[in-house]
Amino acid sequence: MEKANGCISRPSRKRKLPQEGNDVLNFTLDELSDDLLERVLSWLPTSTFFRFNLVCKRWKSVAASESFKLACSRIPSREPWFFMVDPNLNQSVVFDSAERSWKKLSHPPLLSQNCNCNSIPVAAVGGLVCFRNMSGDYFACNPVTGSCRELPPVNPDSHHRSLHAIAMNAYSNYHGSYKLFLVSGDLPKLSYKVYNSSADCWEEEIMLRKKTDDCTGFEFDSNDDDDAVYFLSKAGNVVATNMQRSPSKQFSSVITHKDGEEIVYFLSSSGTVVACNLTQKHFSEYPRLLPVFLEYSIDVVECKGEMLVVMLSEFFESASIRVWRFDEKTKTWNQIAGMPPSMSHEFYGKKVDINCLGAGNQIFICLSSAELCSYVRCDIVTNEWVEVPKCCLNGEVMEFMSAFSFEPRIEASV
């Protein structure tokens, strides 16, 4: 060590990098070929794609190219966006689970036309959301790009039967290969129709038989309380009450793949889960979790390829929200997650309605009543429950009764 001006100077610990490696440090994205640049940019969050136009002309050109969409289609999965439902809005509002923020999207022009202005979302899969207007027409839409088209009309005879469930399944986002399933009829006589995007037509209606070895031993009860109002929906029913449901959830359901079989689940008018095996062409009904005379709100969701049930119930002057899985071997419901009592007690006595949706290990729950509106995210693996911040538009707090989960994919074709 040397002294300088009375101070002790210490040798610098910084080391100079070898001159030979400086070329690596000077590397920029501009040196990438178009193909490599597209691959790199495709891994960015979808929300950043909207800002490509502000970077440079090259990035703007990349965002508009078909080869970039193809590169995006090779990304295995994206963090879900939750499409919030409010038929009175002329724009789309989503919650970005990756950035944990609210976003506004432009409403597709086709859905803004007078005859379609009251269209509501009824199903979602991959990067697409399906809308239905008051006339029973269906529209496939990519909320991110705004692309939208009307599907061929359903056979008019189908409008005379009770529609229980609407579900979607995607086979390829980039090539626009998906199917829309409609389950209708009166229990125990059910049938389903399928729209196939590859053929751009509705397939022949297929009848569903009741599974003969239905081990639940449940007989369909036609003596439901006529004074109660029920809505058949993915979001479930508030049993034995006259609480109204979100219209968008009136027909929705969840679909799973199990051992190569497609199964659609929805809730019957008495609050039980009905499973329609579209591959084997039969249906069965699961045993109920709570007696029909108790008040509760129930929902069916899909997480990681399996059907789960979310239920809000009240016991001993307290409310609880729990997640249940059905064990096919023991034929019983088992709890896998539960909201901490300190959080759920707030909902006691307020006639709260829950509308839920699953995405991976997450469950997004909309809680609404005349007294409150709240949103909660649950991780079914860690049993972590987090309240989602309120959504404010133009200084006003927005209230949504339900939502749909989709992957924000610019390559998703309608």
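**Reasoning about salt bridges and a pocket**

Modeller: In this predicted model, the count of salt bridges comes to 10, where the rule asks for a side-chain nitrogen of Lys or Arg within 4 Å of a carboxyl oxygen of Asp or Glu.

Biologist: Why is the pairing of D96 with K103 called a salt bridge?

Modeller: The closest N and O atoms of D96 and K103 are 3.1 Å apart, and because the cut-off is 4 Å between a Lys or Arg nitrogen and an Asp or Glu oxygen, the pair meets the rule. Side chains of opposite charge can pair when their charged atoms come close.

Biologist: Which residues are linked with D96 in a network of salt bridges?

Modeller: The network links D96 with E99 and K103.

Biologist: How do you know whether D96 is buried or exposed, and what of K103?

Modeller: Buried means under 20% relative accessible area; D96 has 2% relative accessibility, so D96 counts as buried, and K103 has 15%, so K103 counts as buried too.

Biologist: How are the two partners E407 and R409 classed?

Modeller: The side chains of E407 and R409 meet in a salt bridge of 3.0 Å, N to O. E407, at 22% relative accessibility, counts as partly exposed, whereas R409, with a relative accessible area of 3%, is buried.

Biologist: Turning to the largest pocket, what is its volume, and which residues are closest to its centre?

Modeller: The volume of the largest pocket is about 920 Å³, and of its 37 lining residues the closest to the centre are V125, G126, E302, G358 and A359.

Biologist: Which element gives the most to that lining, and how do the lining residues divide?

Modeller: Strand β10 gives the most, with seven residues, while the lining of the largest pocket divides into 16 nonpolar, 15 polar and six charged residues.

How values were computed:
Residues are numbered from 1 along each chain as its sequence is written. This is a predicted model: local features need pLDDT of at least 70, side-chain atom pairs count only at pLDDT 80 or more; totals for chains, interfaces and linings use all residues. Side-chain values use heavy atoms; hydrogens and water are left out. On a 1 Å grid over the protein atoms alone, a cavity is a set of points where a 1.4 Å probe fits but cannot get out, and a pocket is an open set with protein on both sides within 12 Å along at least five of seven lines; lining residues have an atom within 4 Å of a point. Grid points are joined across faces, edges and corners, and a volume is the space filled by probe spheres set on the points. Helices (H or I, at least four residues) and strands (E, at least two) are DSSP runs, numbered from the N terminus. Ala, Val, Leu, Ile, Met, Phe, Trp, Tyr, Cys and Pro count as nonpolar, Asp, Glu, Lys and Arg as charged, and the others, Gly among them, as polar. Buried means under 20% relative accessible area, exposed over 50%, partly exposed in between (1.4 Å probe, protein chains only).
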